[in-house]
Amino acid sequence: MSVATATRQESLAVPFSPRWLAERLSGAVLHVVVIGLTVAWMVPAIGLLITSLRLPSDIANSGWWTALSPPFKFTVDNYSQMLQASNLGQGFFNSFMISIPAVIIPVTIAAFAAYAFSWMKFPGRDWIFLALVGLLAVPLQLTFIPVTTVFVKLGFTPDHLTAIGLPPFIPLWLAHAGYGLPFSIYLLANFFRALPSDLFESAEIDGAGMLTVFFRIVVPLSVPAIASLVIFQFLWVWNDLLVALIYVGGTPNVAPVTVSLVNLVGSYGQNYQLLTAAAFFSMIVPLVVFLSLQRYFVRGILAGSVKG
Amino acid sequence: MDWSVLLTDLPTLVAVVIGVPAVLAAYIVGGEYLVRRLPDKNRPAVRPWIWVAPALLLVAGFLVLPAAGTIVQSFQDNRGNFVAFTNFGNQLGGFPTGGAWIAIRDNLFWLIFYTLFVLAFGLLLAVLFDRVPYEKIVKSLIFLPMAISSVATVIIWKFMYAYQPPGQPQTGTLNFLLSTVFHQDPRTWIQDTTPILGLLPLNNLAIIAAAVWGIVGFSMVILSAALKGIPGDLLEAARVDGAGEITIFRRVIFPLMMPTVVVVGTTLVIFALKAFDTVYAMTNGNYDTDVLANRMYKLLYQHFPSDYANASAVAVILLATVIPVLIFNLRQFRAVEARR
Amino acid sequence: MASVTYDHVVKRYTADVTVVKDFNVEIKDKEFMVLVGPSGCGKSTALRMLAGLEAITEGQIRIGDRVVNNVAAKDRDIAMVFQSYALYPHMSVYDNMAFPLQMQRMPKSDIDKRVKNASRILGLDNFLKRKPRALSGGQRQRVALGRAIVRSPKVFLLDEPLSNLDAKLRGQTRIELQKLHRDLETTFIYVTHDQVEAMTMGDRIAIMNAGILQQVGTPGDIYDHPANLFVAGFIGSPTMNFVPVTTSDSTAKASGFEVKLPKSVPAGKGTLGFRPESVTDRISDQTGTLDMKVDVVERLGSDQFLYGQVGSDSVTARVDPKMKVEPGDTVHLGLDTRTLHLFDSQTEQALI
Amino acid sequence: MRSSSLIRALVVTMAAVFATVACGGGGTANAGSVKVMATWTGVEQASFMAVMKPFTDSTGITLQYEASRDQDALLTTRVAAGNPPDLAAAPSPTLLTNFAKTGKVKALNNVVDMTALQSEVSKTWIDLGEPTGDGKLYQVFSWVALKGLIWYDPKNFQAKGYNVPNSWDSLLQLQQTIKSGGTTPWCIALESGAASGWPGSDWVKEIVLSQSGPSVYDNWWQGKQKWTSPEIKLAWQTWGQILGANDANVYGGSKTMVSTNFADGGTPLFQNPPKCYMHNQASFITANFQSADPQAVAGTDYNFFPLPDITSQFAGAHVVSGDAWSMFNDTPQAEKMIKYLTTADAQAIWVKRGGKISPDNKVPLEDYPDALSKSTAQILVQTKIGKYDAGDLMPTDMKNAYWGAVLKFAQNQGQLNSILASLDAVQAKAYTS
């Protein structure tokens with residue numbers, strides 16, 4: 001699309017005319033700015049990447065950029081040490097078992113609720129919605145003790161759940177869902193609300209029930225919003241440490257991979273260079289999720305529906 | 001790696017892959033089935049509650065009840081005796097440096113600069129990237145920091161801010177640039193409280209910058225999605241009409257993105273109010289960088305025995321600051337409603 | 001049998017916001033009824049109540065003999081074409097048209113037959129696999145129509161379906177719609193703010209203003225015998241001339257002329273209305289006369305309109321295109337007394 | 001029609017799920033298990049596992065070990081929620097003492113062999129384990145660390161002809177000699193994220209103990225000795241002598257001090273040329289030296305001398321710290337385990353792996369892997385006046401203010417009076433609750 005625009009603009013200007021030159025230049029400036037900003041933004045991450053490939057003694061004594069000039073002393077020691085650490089496989093498995101439901105549950109429930117908040121009328125709707133947004137501000141640390149107290153009373157502890165044959169992660173799924181819902185509902189409701197009302201009325205006349213409208217119209221049309229929500233919720237859950245420790249604990253059979261990786265470092269900060277490697281390692285999964293969902297951020301998903 | 005875990009954890013796997021989606025689908029299909037059995041007249045009254053019930057229940061359990069408990073606790077001492085505003089007095093007395101005032105001041109810095117930077121960068125990047133053919137690549141790169149856990153983010157920024165005495169080879173990226181490119185003495189970014197532009201202490205700025213770096217991908221992705229929602233022909237039309245790119249942004253793109261900007265802005269304001277991770281890991285509030293959430297955390301978990309009373313008062317102050325944001329949202333909400 | 005009856009229908013949002021007031025209309029089976037009025041007059045609300053998209057506050061709406069007040073939209077056997085078309089952007093043309101039939105759980109083969117049939121009627125055969133965004137405005141409009149046609153409803157509701165099209169396409173589609181109405185032999189209820197559409201398409205027209213039904217009748221009827229000042233001013237282009245007059249017996253005296261009325265009326269004040277085509281350069285015993293100072297001359301080839309002042313009143317006249325007039329001239333014109341309208345200055349109702 | 005088939009499909013899957021999970025419920029080993037929470041991660045975790053292996057092998061009890069450096073939040077939450085681990089080890093007794101005072105942990109008097117304990121472990125540790133003062137033992141110490149060790153690079157000392165100082169005066173003299181040689185004598189690193197300042201607080205408490213003796217020290221952490229009192233003020237001033245005017249004795253001055261992480265604090269000792277010659281840190285720091293340079297040899301590449309005595313009357317006084325254990329649930333398995341942990345045999349396992357010192361005098365000095373750790377252990381065993389880290393014994397508010405004061409003092413020694421005055425203000429409140 002941008003290509004088409006560019007050619008059209010060029011055709012308006014005579015080659016080598018001042019206007020042509022100006023347009024060419026602004027194109028070049030755009031690329032310089034875009035690439036410049038991206039590179040600048042990447043500097044800390046590049047620094048981390050290079051640091052992860054250096055020896056601990058070098059890390060402490062010189063900046064990461066010195067590694068870019070000879071003599072090159074790159075090493076994958078940090079990575080191999082990290083990978084040898086026990087329980088990484090179990091950690092990954094646990095992380096997936098935690099993250100998948102901890103994304104599906106809040107996103108689905110939030111979509112139900114957001115649909116109701118944006119397209120159904122009920123008493124107190126706006127106030128409940130506002131209260132939900134306000135709850136975004138509740139510091140999670142505040143909720144740990146009251147919620148776990150109730151969970152322990154209900155037998156919602158990993159041990160007890162395992163003993164009765166249920167997944168030990170249930171409390172954590174619910175916790176991530178509860179904490180993620182305000183944002184999820186807020187984001188989705190704002191998107192749903194912007195859908196053209198004619199579509200809903202048309203579907204109503206066509207005889208579509210609420211479920212059909214929801215699953216066949218609202219959800220397909222909200223794919224970009226849902227995709228971004230899935231990405232964020234996944235990231236937050238995948239990178240979470242504290243909530244997991246609180247609700248299922250850090251024992252290897254239930255701990256997510258973040259716990260295994262953070263615990264590579266000794267309690268006095270020994271071997272902290274392993275964390276640099278771990279950071280890249282644990283980044284792979286969220287990045288794959290992002291890249292695979294990126295294709296849903298398409299332009300003009302609503303084009304052709306209601307504009308003339 | 002030991003893949004035999006896959007076998008021992010089979011029940012979990014089954015529950016995750018089949019059980020969870022099944023329960024969710026069964027709920028909504030079953031709920032709708034029940035609604036349809038009601039007389040026509042009652043359906044519109046009952047249906048919304050079926051759709052919002054799971055969300056409200058979860059939110060009530062995890063957020064509302066603890067928050068309500070906190071509000072009650074904020075008027076009590078640690079033994080549960082009513083003490084009226086004593087806790088708030090502790091936190092709000094001693095202006096401008098006593099009680100929670102440093103934290104309130106710093107939260108204000110966060111509120112302004114974090115929100116502004118993240119919104120402005122996110123918008124700028126979304127708009128710029130929209131015009132280049134390699135959009136997906138640059139977007140992924142900018143998004144990358146989001147995928148890095150906050151523990152690692154702090155490590156990265158400690159590398160960025162590392163300090164060695166003047167004259168020594170610098171190990172921190174920023175001090176390296178400062179000394180080699182600008183020929184200035186290195187600075188202790190995280191400890192230096194020199195105000196920038198007479199207002200924002202350098203170390204607060206440094207901590208905020210690290211947090212901004214980690215979250216810009218968030219605003220960029222959402223704003224970019226909103227940008228893509230603007231019909232292309234609208235922009236083409238404006239271009240054909242001879243509008244410059246800046247005019248198009250100001251008069252066409254920005255107004256159409258406004259609702260999304262409000263959503264992202266609101267979320268960021270609340271993130272700023274809740275700021276914790278970066279401050280906790282970088283300074284734990286030392287050098288006048290404290291924020292409310294960190295102060296609350298210290299009172300709860302680094303104080304033996306836990307000082308629930310004062311922690312609750314801090315939390316209530318934090319919650320109260322959200323109210324203006326909510327009022328703004330309500331107006332926005334009603335405006336959208338009225339327009340359709 | 002699919003007549004539609006509005007029986008004392010009221011739509012009230014809040015105690016003091018009533019958008020449709022005591023609305024009574026009977027639309028006959030197979031009739032093409034146009035609801036026309038300025039925007040915000042309640043015509044769309046009236047249509048949406050019939051569609052089942054808005055609740056009816058008071059009164060009854062019947063389709064045939066069935067009271068539909070509490071019938072769900074989908075069960076009213078109606079189809080609606082929206083101003084925006086409301087196409088499902090993520091579905092192909094085929095799926096858009098098939099959607100309502102799928103909702104009725106119609107067998108696939110029947111759906112296919114109906115969609116194919118509708119697309120043939122509308123000339124959409126070659127676009128069935130496309131998404132709406134790959135269609136032109138006119139094609140989208142036809143898909144919207146197709147989605148209504150496939151259901152073979154008892155009543156077609158069309159809410160300003162032409163307003164998103166350009167002028168030329170609008171003219172064409174107007175004719176196509178009339179043809180469609182003839183072919184389908186179904187009741188059409190058509191909402192528009194455009195009086196030209198109303199006059200050209202409707203078997204009958206219902207004119208609404210401020211939530212109140214002003215007049216129902218055939219286009220000719222309404223044109224010749226507007227029930228009140230609003231209808232008279234709304235229908236016809238250029239609009240009717242309105243001149244304040246003082247009446248006594250059967251003469252009406254305006255600021256610049258005096259004219260004899262076809263029948264006598266009580267003495268008092270009123271508004272005299274006459275269409276531009278009643279003011280011509282032909283003077284006969286059927287006409288009164290007036291002198292007009294011309295401000296603007298508009299030559300349209302087949303017609304020539306003069307805009308000017310008669311006394312202190314603005315008047316539009318339609319004269320022979322061959323008549324030579326320049327702005328600034330004063331011309332002597334005839335006023336056909338057979339087509340005069342007189343409206344009560346208080347009630348605005350037609351007296352003549 | 002469509003939705004009903006959907007419902008049927010769902011019912012079938014749900015049934016399958018419950019059938020699967022019902023069959024899959026895992027059973028625990030017959031001997032039971034112990035849930036343990038501690039802060040040991042990385043290499044330390046491996047060492048702890050090695051310690052526990054003989055126990056789990058012989059008893060069949062399984063160990064559910066949970067390691068986290070967010071222990072404060074985690075343990076506080078678990079205990080408050082009524083779901084504590086069976087046993088917890090903490091690097092300082094503050095948190096556990098709080099639980100002892102609120103009755104959340106079980107007394108160990110009838111669990112461990114008290115007679116053996118009293119004969120094998122110095123009274124310091126047993127007193128510390130009885131924080132409620134009613135003779136009930138709530139904590140036992142498995143491994144300990146010695147504070148106040150001055151680390152140096154022997155090769156550098158040799159090259160310059162510096163001798164290890166054996167008195168406070170000779171330390172000050174050495175400091176002067178190094179300074180006149182054009183190098184800063186000291187490396188000090190105060191940054192420690194959430195706990196910044198503590199390494200400097202070590203200096204002050206070591207000075208207090210060595211200068212004014214154990215009773216001042218005890219009164220001080222108990223809140224009975226004012227910060228503005230001459231003894232405490234003198235200790236800060238003495239530290240100020242070490243730092244030098246404007247921190248001139250410290251590599252990089254105050255800026256480097258406050259911005260360098262304690263884990264990297266010793267790094268400049270080993271640079272070529274060295275940026276400093278001495279670094280005060282507890283015995284654990286060898287692990288960091290070793291992880292920064294795996295080839296380094298203890299005793300040759302790095303060595304230590306104890307901070308010299310200041311007042312001869314209190315010679316041989318040392319500040320110590322240790323890993324405290326408490327028991328939250330008195331299951332037979334937990335009792336067995338804590339009993340095991342108090343044995344010399346168990347403690348010796350980690351001692352042999354390096355990085356820890358045992359408080360138990362039955363752990364033979366030969367078990368220490370190198371001469372350096374052996375001499376650390378020796379000092380500890382011979383310690384006449386062993387006092388636990390005062391900061392860890394103070395109330396939280398006091399401790400935090402103490403650490404904060406260290407940072408302020410390091411940046412501006414001239415403010416000492418106002419810093420101490422504000423510490424007094426905190427002291428007046430912190431001990432009441």
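Trainee: What joins S11(C) to S12(C)?

Mentor: A hairpin of four residues joins S11(C) to S12(C). Strands are DSSP runs of E with at least two residues, and helices are runs of H or I with at least four, numbered from the N terminus. This is a predicted model, in which local features need pLDDT of at least 70 and side-chain atom pairs count only at pLDDT 80 or more, while totals for chains, interfaces and linings use all residues. Residues are numbered from 1 along each chain as its sequence is written, and chains are lettered from A and ligands numbered from 1 in the order in which they are written.

Trainee: In which sense do S11 and S12 of chain C pair, and over how many bridges?

Mentor: Strand S11 (residues 241-253) and strand S12 (residues 258-274) of chain C pair in the antiparallel sense over 11 bridges. Two strands count as paired if DSSP finds at least two bridges between them. Within this pair, Thr247(C) stands opposite Gly268(C).

Trainee: Which strand do four bridges join to S12(C)?

Mentor: Four bridges join S12(C) to strand S18 (residues 341-344) of chain C, and the two run antiparallel. Here Thr271(C) stands opposite Phe343(C).

Trainee: What is the order of strands in the open sheet of chain C?

Mentor: The five strands follow the order S13-S17-S14-S15-S16, with antiparallel pairing. Strand S13 (279-280) and strand S16 (313-319) are the edge strands, since each pairs on one side only. Inside the sheet, strand S14 (residues 287-299) and strand S17 (residues 330-336) of chain C share seven bridges, and Thr287(C) stands opposite Asp336(C).

Trainee: How far apart are the centres of the two domains of chain C?

Mentor: The C-alpha centres of domain 1 and domain 2 of chain C lie 40 Å apart. The assignment gives domain 1 as 4-227 and domain 2 as 241-344; such bounds come from an automatic or database domain assignment.

Trainee: Changing topic, where is Lys30(C) found?

Mentor: Lys30(C) is in the loop between strand S2 (17-27) and strand S3 (32-36) of chain C.

Trainee: And why does Lys30(C) count as partly exposed?

Mentor: Lys30(C) counts as partly exposed because it has 16 C-beta neighbours inside 10 Å. A residue is buried with 20 or more other C-beta atoms within 10 Å of its own, exposed with 12 or fewer, and partly exposed in between, with C-beta atoms placed from the backbone.

Trainee: What does Lys30(C) contact beyond four places in sequence?

Mentor: Lys30(C) is in contact with Glu185(C), Thr186(C) and Thr187(C), where contact requires C-beta atoms, placed from the backbone, within 7 Å. Lys30(C) and Leu184(C) are 154 residues apart in sequence, yet 8.8 Å apart in space, C-alpha to C-alpha.

Trainee: How many residues are in the largest nonpolar core?

Mentor: The largest nonpolar core has 426 residues, and Ile189(C) is one of those with the most contacts inside it. A nonpolar core is a set of buried Ala, Val, Leu, Ile, Met, Phe, Trp, Tyr and Cys residues joined through C-beta atoms within 7 Å. Helix H9 (residues 202-228) of chain B gives the most to this core, with 19 residues.

Trainee: How many residues of chain B are in contact with chain A?

Mentor: 100 residues of chain B are in contact with 103 residues of chain A. Helix H3 (residues 43-73) of chain B supplies the largest share of the chain B side, 18 residues.

How values were computed. Two residues are in contact if their C-beta atoms, placed from the backbone, lie within 7 Å.
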